[in-house]
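Thanks for coming. I have one model to go through today, so please have a look at it before I start.

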Amino acid sequence: MDIPLLSILDCADIPEIGGTVILAVGVTIALVSYLLLAFVSFFESEFFSLNSNEIAEIKISDDKRFERLKQLSENPIKTLGGVICTRYTLIVIALMTTTLLLWHFLDKTILHIAVKWIIGVAAISILFTLFAEYLPQKMAGKQSQKFLCKSAQIVRFFGFLLTPFTKLLMLKSGIVERRLESRTQHSAAIEDISESLNRSDG
């Protein structure tokens with residue numbers, strides 16, 4: 001009689017173990033999504049802020065680290081389309097997993113539904129501010145070139161995976177062209193200011 005009883009007890013632990021594994025997977029997916037979002041946000045900010053001289057230096061460089069950047073700079077519209085698709089895909093994944101995780105943890109509490117909702121919105125807002133705004137700004141420091149090369153690999157990989165969506169985005173709307181134009185104008189303005197300051201110093 002002991003063996004069947006032990007078997008029943010072991011089987012009873014399976015749902016709990018399965019729930020723990022699912023929870024761990026959910027947390028991992030959320031963290032990876034937020035980290036990738038930080039790299040992609042950094043790439044969008046830094047890559048499309050490069051001036052013509054910096055892009056020329058990358059293209060003529062023999063450094064193997066710049067290979068991805070060279071490939072991405074050949075078609076900036078396609079690159080930006082891939083960045084947009086990748087960014088919003090990661091946002092959706094991060095938002096969904098975070099919402100499910102918060103619901104899992106808060107559902108077991110005795111808090112009022114309004115309080116749970118406020119906590120959830122606050123937590124999601126903090127996470128997106130941290131990973132989509134704060135970390136990309138911190139990455140744009142002394143090692144910005146290193147992070148730019150790493151983020152280029154991520155953008156290239158996801159851009160390839162999301163090629164159908166990128167083509168659809170470029171075909172059905174002018175979002176990519178308008179955003180690229182605004183980025184280019186911003187970069188050109190900074191370049192003009194820099195040249196003016198150099199002339200005044202000379």
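I will go from the overall layout to the core, then the rings, the salt bridge and the surface.

First, the ground rules. This is a predicted model, so local features need pLDDT of at least 70 and side-chain atom pairs count only at pLDDT 80 or more, while totals for chains, interfaces and linings use all residues. Residues are numbered from 1 along each chain as its sequence is written, and side-chain values use heavy atoms, with hydrogens and water left out.

Now the layout. The protein has nine helices and zero strands. Helices (H or I, at least four residues) and strands (E, at least two) are taken as DSSP runs and numbered from the N terminus. Of the 202 residues, 31% are buried. Buried means under 20% relative accessible area, exposed means over 50%, and partly exposed is in between, with a 1.4 Å probe and protein chains only. On contacts, meaning heavy atoms within 4.5 Å, the figure is this: among those between residues at least 6 apart in sequence, 85% join residues at least 24 apart.

Next, the core. A nonpolar core is a set of buried Ala, Val, Leu, Ile, Met, Phe, Trp, Tyr and Cys residues joined through side-chain atoms within 4.5 Å. The largest one has 36 residues, and the members that touch the most others are Phe43, Phe47, Leu69 and Leu148. Two or more residues each come from α2 (14-47), α4 (67-74), α5 (76-106), α6 (113-139) and α7 (144-161). Helix α5 provides the largest share, nine residues.

Take Leu69 from that list. What does Leu69 contact, leaving aside its neighbours within four places in sequence? The partners are Phe43, Phe47, Ile58, Leu148, Cys149 and Ala152.

That brings us to the rings. A pair of aromatic rings is described by the distance of the centres and the angle of the planes. Here, rings of Phe, Tyr and Trp (its six-membered ring) pair if their centres lie within 6.5 Å; planes under 30 degrees apart count as stacked, over 60 as edge-to-face and the rest as tilted. The structure holds six aromatic pairs. One of them is Phe43 with Phe47, stacked, at 4.8 Å centre to centre and 10° between the planes. Both residues sit in helix α2, four residues apart, which is about one turn of the helix. Phe43 is buried because its relative accessible area is 0%, and Phe47 is also buried, at 8%.

Phe157 and Phe158 make an edge-to-face pair, 5.4 Å centre to centre with 85° between the planes. Is Phe157 buried or partly exposed? Phe157 has 48% relative accessibility, so it counts as partly exposed. Phe158 is buried, at 18%. Ring pairs also link Tyr34, Phe128 and Phe131 into a cluster.

Now the charges. A salt bridge here is a side-chain nitrogen of Lys or Arg within 4 Å of a carboxyl oxygen of Asp or Glu. How many does a search of the whole structure find? The search finds one. Glu44 forms it with Arg87, with the closest N and O atoms 3.7 Å apart. Glu44 lies in helix α2 and Arg87 in helix α5, so the pair ties together parts that are 43 residues apart in sequence. Glu44 counts as buried because its relative accessibility is 5%. Arg87 is buried as well, at 16%. Leaving aside neighbours within four places in sequence, Arg87 contacts Leu37, Val40, Ser41, Glu44 and Ala132.

One glycine to point out is Gly120, in helix α6. Gly120 is buried, with a relative accessible area of 11%. Gly120 and Leu106 are 14 residues apart in sequence, and their C-alpha atoms are 8.7 Å apart.

Last, the surface. Accessible areas come from the Shrake-Rupley method with a 1.4 Å probe, and for residues only the protein chains shown count as cover. The protein exposes about 13500 Å², and carbon and sulfur atoms supply 67% of that. Val21, Val25, Ile29 and Ile93 form a nonpolar surface patch with about 300 Å² of accessible area together. Patches are made of residues with over 30% relative accessible area and no salt bridge, with like charges joined within 9 Å and nonpolar side chains (Val, Leu, Ile, Met, Phe, Trp, Tyr) within 5 Å. Helix α2 gives the most to this patch, three residues. Ile93 is in helix α5 and is partly exposed, at 33%.

That is the end of my notes.
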